[in-house]
Amino acid sequence: MPLGSLRPSPLVEQATEHLREQITQGEWPVGTRLPGENALAKALGVGRSTVREALRALAGAGLVQARQGSGVYVIATEPAEDWPARLRRAAITDVYEVRVMVETRAARLAAERRTEEDVAALETALAARHAAATGNDAGNDAAFVDADIALHAAVVAAAGNPVLTDLFAEFAPVLRERLIDLVELLGLREHDPDPGHASHAALVDAVRRGDGPAAEAVLQAELEQTLAHLRARV
């Protein structure tokens with residue numbers, strides 16, 4: 001399969017796609033050493049810098065790997081699945097187990113590190129959760145779940161660790177979809193429009209008081225209860 005010269009723009013994207021096709025279509029099997037940059041540049045009709053950027057993109061996709069002093073080798077014929085895609089495909093119970101581990105530790109850290117601004121944000125989020133459950137939009141399960149997740153996000157933010165914050169942000173879209181389904185299918189709000197209000201209020205109070213063990217214990221009990229509902233459903 002000849003590579004063929006490329007159109008003028010955008011060269012890096014075109015070079016990446018041409019090389020990707022060679023790999024995914026089996027022209028260069030796993031373990032194959034790719035031609036050198038000069039050879040690829042000549043075949044594609046571009047400069048070496050364009051080839052270098054294209055190879056970086058392919059490496060980022062998990063298709064090739066540069067080996068010092070040896071060259072660039074094909075290590076896979078299909079792009080690596082990105083983290084958000086893996087989360088969407090994962091079983092919700094698996095995602096939730098990790099959520100329990102992440103958030104309970106975050107709650108302890110939040111109690112130890114919270115600022116006045118963090119406490120104010122938590123109190124606002126708690127009030128918003130209660131309002132979503134009992135206000136004019138009380139029948140909207142999606143709005144309630146959004147308010148619930150916002151409160152949990154505020155707890156994670158109060159931990160003062162940007163990696164934890166980013167990790168929770170990756171979980172949030174998947175959690176939102178599955179929790180809305182759970183609330184609706186199991187009718188969790190039929191008898192109590194604001195389930196978990198007491199435990200969430202206790203969580204905010206523990207963080208406010210700086211009681212890390214209490215914050216961790218309260219949140220773990222709350223999340224484990226939801227996890228039990230999820231396991232019963234699947």
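Reader: Is Ala-215 buried or exposed?
Author: In this predicted model, Ala-215 is placed in helix α10. Residues under 20% relative accessible area count as buried. Ala-215 has a relative accessibility of 0%, so the term that applies is buried.

Reader: Which residues are in contact with Ala-215, leaving aside its neighbours within four places in sequence?
Author: Contact requires heavy atoms within 4.5 Å. With the neighbours within four places in sequence set aside, the residues in contact with Ala-215 are Ala-107, Ala-111, Leu-203, Ala-206 and Val-207.

Reader: Where do the buried residues of α10 fall when the helix is seen down its axis?
Author: The buried residues of α10 include Ala-215, Leu-219, Leu-223 and Leu-230, and Glu-216 and Glu-222 are also among them. Seen down the axis, the buried residues lie within an arc of 145°, so their place is one face of the helix.

Reader: What distance does α10 reach from its first C-alpha to its last?
Author: Helix α10 covers residues 212-233, which amounts to 22 residues. At 1.5 Å a residue, a span of 32 Å is expected, and the helix comes close to this, reaching 32 Å.

Reader: Which residue has a side chain joined to that of Asp-194 by a polar contact?
Author: Asp-194 lies in the loop between α8 and α9, and with a relative accessible area of 5% this residue is buried. Its contacts beyond four places in sequence include Arg-129, Ala-133, Thr-134 and Phe-144. The polar contact between side chains has a length of 2.6 Å, and the partner of Asp-194 is His-130.

Reader: What separates the C-alpha atoms of Val-95 and Leu-175?
Author: Val-95 lies in helix α5 and is buried at 3% relative accessible area. Apart from neighbours within four places in sequence, Val-95 is in contact with Leu-87, Ala-90, Phe-171 and Leu-175. Val-95 and Leu-175 are 80 residues apart along the chain, and the separation of their C-alpha atoms is 8.1 Å.

Reader: Which residue of β2 is the bridge partner of Ala-66?
Author: Strands β1 (residues 64-67) and β2 (residues 71-74) run antiparallel and are joined by four bridges. Three residues stand between the strands of this hairpin, where Gly-69 takes a positive phi near 75°. The partner of Ala-66 in β2 is Val-72.

Technical notes:
Residues numbered from 1 in each chain as written. Predicted model: local features only at pLDDT ≥ 70, side-chain atom pairs only at ≥ 80, totals over all residues. Heavy atoms only, no water. Pairing = 2+ DSSP bridges. Helix = DSSP H or I, 4+ residues; strand = E, 2+ residues; numbered from the N terminus. Expected span 1.5 Å × (residues − 1). Buried < 20%, exposed > 50% of the residue type's maximum accessible area, 1.4 Å probe, protein only. Arc of directions from axis to C-beta. Polar contact = N/O pair within 3.5 Å; in protein donor to acceptor, adjacent residues only side chain to side chain.
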